[in-house]
Amino acid sequence: MTAVPVFTARHVEAAVPPERAVDAVREAFVAYARGDWTMPPKVYVPAYPAGDFRAMPALGGGHALLKWVTSFPWNPALGLPTVTGLVLLSDASNGMLEAVLDAGAVTALRTGAAAVLAAETLGRTDARSAAVIGAGVNGRAAARTFVARGQDVLLWDVDPERAEGAASEVGGAVAASREDALAADVLVTVTPGHEAVFGAGTLRPGQHASLMGADGPGKSEIAVEELARVRVFCDDWTQASHNGDLVHAVEAGVIGQDAVTELGAVLSGAAEGRRTPDEITVFDSTGLAIQDLAIAVEVLDRYRIDTNDEAFSGVQTIESR
Ligand SMILES: NC(=O)c1ccc[n+]([C@@H]2O[C@H](COP(=O)([O-])OP(=O)(O)OC[C@H]3O[C@@H](n4cnc5c(N)ncnc54)[C@H](O)[C@@H]3O)[C@@H](O)[C@H]2O)c1
């Protein structure tokens, strides 16, 4: 029998600071771009109108991962999280289960990390201001990551209380208005994707936007006309061209694969990122299982170095054969 640790949200957050999450997610994007890590596209299991489930597998670094996770956008009104579920981490040499982790915490860490990583990679080198639109669980994570990287951040949300709560929690500031937030040099959107944050002609020369919220069927944070006008990057073409922001432009015949660059290709040096200071760049994220794998491995590695580390106080185990 093997004792398999179960890491709650508290353990995951204590084990991996946002700065380390950015590095781990960067390494995962590069490993995936080079073919060292592999990942079939996520499987959506629709349960509309309430929401959907996703099964997300990945293999890399000697481990295999499966994340079973939700997006139920109306849940906050019921006092429940939009994103919840579990991550299973296994040993890729013998199939043995190694850890169980809270999917909401893993997701938030890696989503915040990817949003900021894309902003730092594709934004102007002289970018000064940053804003996060949508201050829910994953918007907070993005804002927290900006702050951890030494970047001041503005927050805006349709629900002002959410923006205020998030700003005081992460050490950011509430934007005076939606327009104020949208004027920042780098933007991260983490809304439910029911309506476009960026209409036609709204992004200005030199701005970057990491579009994190529209990660499933029927969602979008940017108008097709605006997507057609800017330089487009995504996390994974296969996944992003079938769900989220890109699919609408692909179906309209406005954008094809040749017009879209994967972030991992830029990070690994295989493709060009921003070409000119005036270029408008957007990063369409649908969320990759390799990002989750990067965080889960970080947690497990740290646990294995010292199971008595304060970060892991109260960790329970389950018996596995
Ligand atoms: N790309 C990824 O990797 C990834 C990862 C996690 C979550 N998501 C997606 O991100 C979205 C948000 O997830 P969450 O867990 O943070 O949800 P959440 O419910 O905790 O937060 C969403 C926030 O957006 C706000 N909001 C709604 N409409 C808005 C608008 N038009 N402008 C500004 N704010 C608005 C809400 O008031 C709320 O505070 C979901 O669609 C989810 O599926 C994507």
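Q: Okay, how many helices and strands are in the secondary structure of the protein?
A: There are 11 helices and 15 strands. Keep in mind that this is a predicted model.

Q: What is the radius of gyration, and what would a compact globule have?
A: The protein has 19 Å. A compact globule with 321 residues would be near 20 Å, so the two agree. The C-alpha atoms fill a box of roughly 60 × 40 × 40 Å along the principal axes.

Q: And what share of the residues counts as buried?
A: 50% of the 321 residues. As for contacts, take those between residues at least 6 apart in sequence: 69% of them join residues at least 24 apart.

Q: Let's do sheets. What is the strand order in the open sheet with mixed pairing?
A: That sheet has 7 strands, in the order 2-3-4-5-6-1-15. From one strand to the next, the twist averages 20°.

Q: Which strands stand at the edges there?
A: Strand 2 (43-47) and strand 15. Each has a single partner strand, so one side of each has no neighbour in the sheet.

Q: How does strand 15 pair with strand 1, parallel or antiparallel?
A: Strand 1 (residues 2-7) and strand 15 run antiparallel, joined by 5 bridges. For example, Ala3 sits opposite Glu319, and Val4 sits opposite Ile318.

Q: What holds paired strands together in general?
A: Strands of a sheet pair through backbone hydrogen bonds, and they can do so parallel or antiparallel.

Q: Back to strand 15: how many of its residues are buried?
A: Of its 5 residues (316-320), the number buried is 0, so strand 15 lies largely in the open.

Q: Now Val100. Where is it, and is it buried or exposed?
A: Val100 is in strand 6 (residues 97-102). It has 20 C-beta neighbours inside 10 Å, so it counts as buried.

Q: Which residues does Val100 touch?
A: Leaving out residues up to four places away in sequence, Val100 touches Val4, Val6, Leu86 and Leu88. Val4 is the residue that stands opposite Ile318 in strand 15.

Q: Which strands does helix 11 lie across?
A: Helix 11 (residues 289-305) lies across strand 1, strand 3 (51-60), strand 4 (63-71), strand 5 (85-91) and strand 6. Its direction is at about 65° to strand 3.

Q: How many bridges link strand 12 and strand 14?
A: Strand 12 (residues 231-234) and strand 14 (residues 281-284) pair over 4 bridges, in the parallel sense. Arg231 has Thr281 as its bridge partner in strand 14.

Q: What about Ala252, buried or exposed?
A: Ala252 has 12 C-beta neighbours inside 10 Å, so it counts as exposed. You'll find Ala252 in the loop between helix 9 (245-251) and strand 13.

Q: Last one: at what angle do helix 4 and helix 5 pack?
A: Helix 4 (residues 137-148) and helix 5 (residues 160-170) pack at about 35°, with their axes 9 Å apart. The crossing is right-handed. Gly139, Arg140, Ala143, Arg144 and Val147 in helix 4 meet Ala166, Glu169 and Val170 in helix 5. That contact divides into 4 nonpolar, 1 polar and 3 charged residues.

Note on methods
Residues numbered from 1 in each chain as written. Predicted model: local features only at pLDDT ≥ 70, side-chain atom pairs only at ≥ 80, totals over all residues. Axes fitted to C-alpha atoms, helices over the stretch in contact; angles between N-to-C directions. Helix = DSSP H or I, 4+ residues; strand = E, 2+ residues; numbered from the N terminus. Left-handed = near helix turned anticlockwise from the far one by under 90°. Contact = placed C-beta atoms within 7 Å. Nonpolar A, V, L, I, M, F, W, Y, C, P; charged D, E, K, R; others polar. Pairing = 2+ DSSP bridges. Rg over C-alpha atoms; globule rule 2.2 N^0.38 Å.
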